[in-house]
Amino acid sequence: MSDEAEVLTLERRRELFVAVVAAQDEGLSVWDSRELIARRFGVDVEVVRAVENEGLNRKWPPFGKG
């Protein structure tokens, strides 16, 4: 995980993860969803990518019981 992503609380990272998954479910491309959520959360796109990977690896909801 990136240093910037580590500064975010677990709760905030989970919120970000749910938001990026929801954006993709609404039809945005992976890249567009990352850019949208980065702007919304005030973080870099690389932070969104790192959190997205963390959420997938840890099977956070909506993909697992987390």
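User: In this predicted model, does Phe-17 count as buried or exposed?
Analyst: The relative accessibility computed for Phe-17 is 0%, and a residue is called buried when that value is under 20%. Because 0% falls under this cut-off, Phe-17 counts as buried.

User: How many aromatic pairs does the chain have, and which kind do Phe-17 and Trp-60 form?
Analyst: The count comes to one aromatic pair. Phe-17 and Trp-60 form it, with 5.8 Å from centre to centre and 80° between the planes. Since planes over 60 degrees apart fall into that class, the geometry of Phe-17 and Trp-60 is edge-to-face.

User: How many residues apart are Phe-17 and Trp-60, and which parts of the chain does the pair link?
Analyst: Phe-17 sits in helix α2, residues 10-25, whereas Trp-60 belongs to the segment after α4, which covers 45-57. The pair thus links distant parts of the chain, and Trp-60 is itself buried, with a relative accessible area of 2%. The separation of the two residues is 43 residues.

User: Among contacts between residues at least 6 apart in sequence, what share joins residues at least 24 apart?
Analyst: For context, the chain has 66 residues, of which 36% count as buried, and it exposes about 4200 Å², with carbon and sulfur atoms supplying 50% of that area. Among contacts between residues at least 6 apart in sequence, the share that joins residues at least 24 apart is 53%.

User: Which residues of α3 are buried, and what arc do they cover around the axis?
Analyst: The buried residues of α3 are Ser-33, Arg-34, Ile-37, Ala-38 and Phe-41. They lie on the same side of α3, because the arc they cover around the axis is only 135°.

User: Which exposed residues does α3 carry on the face turned away from its buried side?
Analyst: The buried residues of α3 pack against α2 and α4, which leaves the face turned away from them to be considered. The exposed residues carried on that face are Arg-39 and Arg-40.

User: With which residue does the side chain of Arg-34 make a polar contact?
Analyst: Arg-34 is placed in helix α3 and is buried, with a relative accessible area of 15%. Leaving out residues up to four places away in sequence, Arg-34 touches Val-20, Val-45, Val-48, Arg-49 and Glu-52. The polar contact, at 2.6 Å, runs from the side chain of Arg-34 to that of Glu-52.

User: Which residue caps the N-terminal end of α4?
Analyst: Helix α4 has 13 residues and reaches 18 Å from its first C-alpha to its last, close to the 18 Å expected at 1.5 Å a residue. Buried residues in α4 include Val-45, Val-48 and Glu-52. At its N-terminal end, a side-chain oxygen lies 2.9 Å from the backbone nitrogen of Glu-46, and the capping residue that supplies this oxygen is Asp-44.

Definitions and conventions:
Residues are numbered from 1 along each chain as its sequence is written. This is a predicted model: local features need pLDDT of at least 70, side-chain atom pairs count only at pLDDT 80 or more; totals for chains, interfaces and linings use all residues. Side-chain values use heavy atoms; hydrogens and water are left out. Rings of Phe, Tyr and Trp (its six-membered ring) pair if their centres lie within 6.5 Å; planes under 30 degrees apart count as stacked, over 60 as edge-to-face and the rest as tilted. Helices (H or I, at least four residues) and strands (E, at least two) are DSSP runs, numbered from the N terminus. Buried means under 20% relative accessible area, exposed over 50%, partly exposed in between (1.4 Å probe, protein chains only). Contact means heavy atoms within 4.5 Å. Accessible areas come from the Shrake-Rupley method with a 1.4 Å probe; for residues, only the protein chains shown count as cover. The expected span of a helix is 1.5 Å times one less than its number of residues. A polar contact is a pair of N or O atoms within 3.5 Å; within protein, one must be able to donate a hydrogen and the other to accept it, and residues adjacent in sequence count only if both atoms are side-chain atoms. The arc is that of the directions from the helix axis to the C-beta atoms.
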